[in-house]
Structures are given as C-alpha cells and as structure tokens.
Amino acid sequence: MQTPAQDTATPGTNPFAKQKSHRETKESLIKWTLRSATYVILIITASIFTHIFIRGAPVVFSLTPPFINTSFLTKLPETLHVLEDKQGKKYETTPTGVDVIKKQLGDNLRNEKTISYSGGGILGPIVGTILLVGVCVVVALGLGIASAIYLSEYAKQGKFIEMARLAILNLSGVPSVVFGLFGLGMFVLSAPKITSHPLDRSLLAIPLGFGEYISFEGWDTSVLAGGFTLAFVILPVVITASEECLKAVPQGFRETSLALGATKWQTIWKCVLPFAMPGILTSSILGIARAAGETAPIMFTAALAFKDKLPWQGDTGIMGIFTQSVQALPYHIYTLSARIPQNEYSERAQYGSVFVFLVLVMSLAGASVILRRKLRAKYKW
Amino acid sequence: MVTTYPIMMSTVAPKKAESGVATPPAAAPEVSEMASETSSPVSNAIITVKDMDFCYGAKQAMFNVNLNIATKKVTAFIGPSGCGKSTLLRCFNRINDRIPGAHISKGEVRIKGKNINEEDVDLAQLRRQVGMVFQRSNPFPKSIYENVAYGLRVHGESRKSVLDTAVERCLTHAALWSELKDRLNANAMGLSGGQQQRLCIARAIATEPDILLMDEPCSALDPIATSKIEELIFQLSNDYTVVIVTHSMQQARRVADDTAFFYLGKLIEFAPTMEIFSNPRQKQTEAYVRGQFS
C-alpha cells in the first residue's frame, strides 16, 4: 500500500493556500496608482468648486432674509469708493454717495480710495454673455446642422469630403485667440452690411440703387461680431456631434420613408432630424457652455471692459442691441483679476462674478443632461 | 393550372437545362441566353423583368434575369443567401438607387408596362404604387396613427377626415384595428414584434399601392406572429400583387402562388409553387427544396 505524498495529505494544511509571489503586490500597486490619479482629479475639481463656492456664494446669497443679494445681480458694475476717517472707520460707497459722506466727515477725512468695477453688480456682463451666447447658438446650430446634414446625407463620400471633414476637425485645434483675431479681421472690419453711408475704409461698396449700399466695412465691435466669432469656435463640435447623431439614426427609417414615396428632404425632415435632434442638442449645449466661457474670441470683437448702459438702453431699437459692444462675464472676470490693483475690496466682485458664471455654465450643462433624458425617453428605438 | 400559369423563364428543354446546371457560375451567360429565348410575357403580368443584369459597382450581382409577375398573386423569391433575390426585389421600387454604384447594367424592369428606370419616372409616384415592407420591422418612433398616416402625409394629404379613414382602413386590413383602436396615439415602439410588422404592412398599404414588396417580413418573428402575417399576406393578395422574398421554403409553399428560385444571381426556375416543390425541373432547384444546400 502506498501512502499519499506528505505535502498534499497532511491534515490541517491548506492545499489551496496562496502562493507567495510579488505579483499581488504589483497588481495592487498598479491599482492604487490608477486610483490615486483619479482621486487627484477629483480633489482638484472639488477644491476649485468649494473655494469658489465659499468665497463667491456669500456675495450673492446671505444667511439673513431675503437670503439673496439681488443688487449684485441687478446692478451695473461701478467704481467702489472707500473713505476712511481719522478714527480709522471705513465707509464703502458708490460714486454718488461719495459727496454725501465727504460732507459729513468734513475735515475728518483721512484717506480716499477708489477701486474700479468692484462696486455695484454684474448685470451688464450677465446680459452681454446671454446676448453673445444667443447669437452664437443661432449661428452655430444653423450652420453646423446644415453642414452636418449635407456631409452625412447628401455628399458623395470621396476625397473632397474627407478633406472638408479634416478641415472641420482642424478648426477645433485652432487657438481661441486666433479665432479672436480672425473675428476682428472678418466680422469687425470687413463683413458686409447695408448702409446709406459707406465708411471710407470700406473694402468694397456696391450701390443697390435706392441710396443704399452693401458695404464691406464690418460690424464694428458688436454682439453680432462676437457671437459669430464664438460660433466658429464651437462649429467643429457641433458639426462632428451632429454628424454622429445623424448617422446613429437607423438606415431602416430612411429606407422605409423613401419606400413610402417621400422625397429625400421629406425623409430627412420627418424621419431623420427629429430622431437625431436630442443628441445634437445635448452635445451642442456642452459646446455652447464652452463658448460662453471663452475670453479671447470676444476680446477683440465684442467685449468692453466697462459700459454704463444696458444694450437696450438708449434709442438704438431692436437691431441696436446687436450692433453695439457689451460687457461679458469671462472678460469681466479677466478685467477684475488682471487689470485692476488687487486688494481686499476687489475680491467681492471677483469671486461673485466667478461664482455666478460657474452657476450659469453648470445650469447649462445640467439642462443638457435633463433634455437628453427627456428626449431619449420620447424617441427610443 | 399550367395554362393560367403566368410566365416562365429559364426552364428549357430538360437536356439543355441539365447542361446549364452543370456549368459553374462563370458560364452564366449560357443559361441566360437560353432563358431569354424561352421567356414569354403573359397578358396579366404587372411586373416584367427583361434580360436584366444588375451590378453593385464593378461586381455583377444578377445575370440576365427574365421574369413576369402576375397581377394579384403572391410570388415568392427563394434561394440561398446572396443569390440576388432581395436585390431583384429592391429593383422594383428602385430603392437600390440609394446604394452608390448600384445600377441595372443591361435590360429593363417594366411595371404596368413602363420602364421604371427611364428619366420621366417620378420616384415618389413609383414608390407610392409599389409599397415595401422590410425585413426588420421598423416603425418610426412616433404614434401608431402617425406611422400609418406617414405615407399620405408625405404625399401632401393633411385633411384629418381623410387620414382618419385611411388609418382605420389600413389597420383593419392589417388585422390590427381591433387590437389598437383605443391607443392610436401610443408610441409604435411599444408594440410587440408581430404587431410592429403588421403595422409596417398597414403603413405600406396606406398609399394604396398596386404592388406590395416584402423582404423577408417574418425572419425576425416567432411562429405565431409569422402565421398571422402569412394569413394577412393571403388576404392581401385579393387586392394587391404581393412579391415576397423568403428564406423559408415552408413559407413560400404556404403563401405563394408562384415561386422563383434564384442561385448565384441567376433565376434558375420560376413556376407555380406546387410545381417547384413537387416536381422541379432543374436539379439545383430540386436539391435546394429538398434541403440539400441552403
């Protein structure tokens, strides 16, 4: 009779015991490296958001009723005046309040400081950003969806179309400041416009016969020029996303529609676009959120450091809103943080603007998520 | 039976036919020449295919097909995958035009006596009269009502009364009205597979076509749904000319009046269904219907 080998049959030992090796250590090391990389990103994001929230939220919200500081959202930016009397007491006031306080203090005034743009609110920049984004959305979606439809439904796939695609992709790699300069040259200085008095610097003025000219003299720095420039920044995103969404609509829908006698356009309009639209909109909204945050493209084309009027104030009419320059949030933040001397009084407007801006962008992103959920549920196949 | 038999095709004198069978695909033209000699149009043919070659770009997919399809009968196309039966079906409403490079390189397809590939044929009008049901049931993700009304809407019909009548007529015809009349506004994607396919049939007959093309309409359905569709096809043949492509020989046997067998892009045999299955003249047909290859 043979006795079984000792090492396999000894009672009390585990035949399935773990083999000692460095493999496990290596595995867990890799896992922890990858995990910590993820966490680093998470921590950085969280700290940016918390920082802005902690410093910015008190500017807009308060713990005492009415809990919201409306003046920051409803007033235009103005210069903050800080007066100090000889006892060291400080008075923060608006430009109009300065004289009153000065009169009160009389000889007691020791020191006066002015901090540009740091008083009042940021209504001007908010309105400007909304207008710019509005023009940008119309232009980018219009041009982008139209060309996506052409590329995916009509164009014969070939070398030329491949080149067009490549060009569109490359467009997304162009630095945004280049877009800004392009906008300056294209929309601000040379875009066509109908006018009765062409400027001397107009590149070309074509008379229309009834006293009006089509003059290639540009739209000046204006909402229109800025919106168009921003649109070109996000066009690659819109076109690429739209094309993907159009391709995702099953070919069967198109064939069925055509087989029922619909024309190509009827098919696209009724059977392709409606089902691609949820995707197009959601990815475009994300692109738009990016456009809202761009500073460089609007720097030369639309934005002003300061303006004491809202676009519709004054007798410019509806079109006038779009033909004048505005303040915009990203540019306002840039001005506040880089163009004026920094001190304890400038912080309020800085963090407040960043906070409001962040909330705006996040609500755009949130809207896109909600929209996608809703439309997905409606158009499922 | 044979006297009313609408057409014929490459069935020739048995001797010749055998030689045709023996020839590999490369020798196709021989078979087709014989075919064109013998095909004789019948008076009640609604679709006539004459000496047709079809190419996808440089690749030839169909070789010298001659075929007459009779009015208000069910004609089945059978054959192994890649034999060209779907390609031919898709020629009848020119939906092949969508595929770049696909074209009829020789011969012609006539429907109601008109060559449908001529310049003056309006695709919308052609497709309105030649409806099609696809392999995958693909209702639009819209309401049941809108699915059926789609064909009429694209042809410019917007009067509610007309659409209502049409929707009821088509759903009744497709044996769906009693099931669905209370939820016409529900999304069609919520229907079962068989209901979806019947809805697709209802949608296809809404434009009142003369011909209904069906490209393997039951291949994605379970047996019960399949038998309902087959029953429907049988009834539809009272009013429509039905051409159905099918993978299932049993289905062809059950629903079709005439059956055409295709192999490697050639029409091998076209005869009344009974004849194809019980007494095929070609060896290939016999081998196929006996299940010796597929």
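Chain B of this predicted model has an average pLDDT of 82, with 85% of its residues scoring at least 70; pLDDT is the predictor's confidence in each residue, on a scale from 0 to 100. Within chain B, the lowest mean, 38, belongs to helix α1 (residues 14-22), whereas the highest, 94, is found in strand β8 (residues 241-245). Over residues 1-41 of chain B the pLDDT is below 50, and this stretch has 65 contacts in the model beyond near neighbours in sequence, a contact being a pair of residues whose C-beta atoms, placed from the backbone, lie within 7 Å. Where pLDDT is low, the predicted coordinates should not be read in detail. For the complex, the predictor gives an ipTM of 0.80 and a pTM of 0.78.

Because the model is predicted, local features need a pLDDT of at least 70 and side-chain atom pairs count only at pLDDT 80 or more, while totals for chains, interfaces and linings use all residues. Residues are numbered from 1 along each chain as its sequence is written, and chains are lettered from A and ligands numbered from 1 in the order in which they are written.

Chain B contains 12 helices and 10 strands, where helices (H or I, at least four residues) and strands (E, at least two) are DSSP runs numbered from the N terminus. Of the 294 residues in chain B, 49% are buried; a residue is termed buried if 20 or more other C-beta atoms lie within 10 Å of its own, exposed if 12 or fewer do, and partly exposed in between, with C-beta atoms placed from the backbone. Among contacts in chain B between residues at least 6 apart in sequence, 70% join residues at least 24 apart.

Strand β9 (residues 258-263) of chain B pairs with β10(B) in the antiparallel sense over 6 bridges, and Thr259(B) stands opposite Ala271(B) in β10(B).

Most residues other than glycine have a negative phi, and most peptide bonds are trans. Lys112(B), although not a glycine, has a positive phi of about 50 degrees and lies in the loop between β4 (102-111) and β5 (114-115) of chain B; Lys112(B) counts as partly exposed because it has 14 C-beta neighbours inside 10 Å. Glu216(B), also a residue other than glycine, has a positive phi near 45 degrees and is found in the loop between β7 (211-215) and α9 (223-236) of chain B; with 20 C-beta neighbours inside 10 Å, Glu216(B) counts as buried. Asp222(B) lies in the loop between β7 and α9 of chain B and is exposed, with 11 other C-beta atoms within 10 Å. The C-alpha atoms of Asp222(B) and Ile95(B), 127 residues apart along the chain, are separated by 27 Å.

Chain A is divided into domain 1 (77-119) and domain 2 (123-332), with bounds that come from an automatic or database domain assignment, and the C-alpha centres of these domains lie 45 Å apart. Strand β1 (residues 77-85) and strand β2 (residues 90-93) of chain A pair in the antiparallel sense over 4 bridges, with Lys90(A) in β2(A) as the bridge partner of Glu84(A). These strands form a hairpin with 4 residues between them, and Gly88(A) in the turn has a positive phi of about 90 degrees.

An open sheet of 3 strands in chain A has the order β4-β6-β5, with antiparallel pairing; its edge strands are β4 (192-195) and β5 (205-207) of chain A, each pairing on one side only. Strand β5(A) is joined by 3 bridges to the antiparallel strand β6 (residues 213-216) of chain A, and Ile206(A) stands opposite Ile214(A) in β6(A).

Conventions:
Two strands pair if DSSP finds at least two bridges between them. Two residues are in contact if their C-beta atoms, placed from the backbone, lie within 7 Å.
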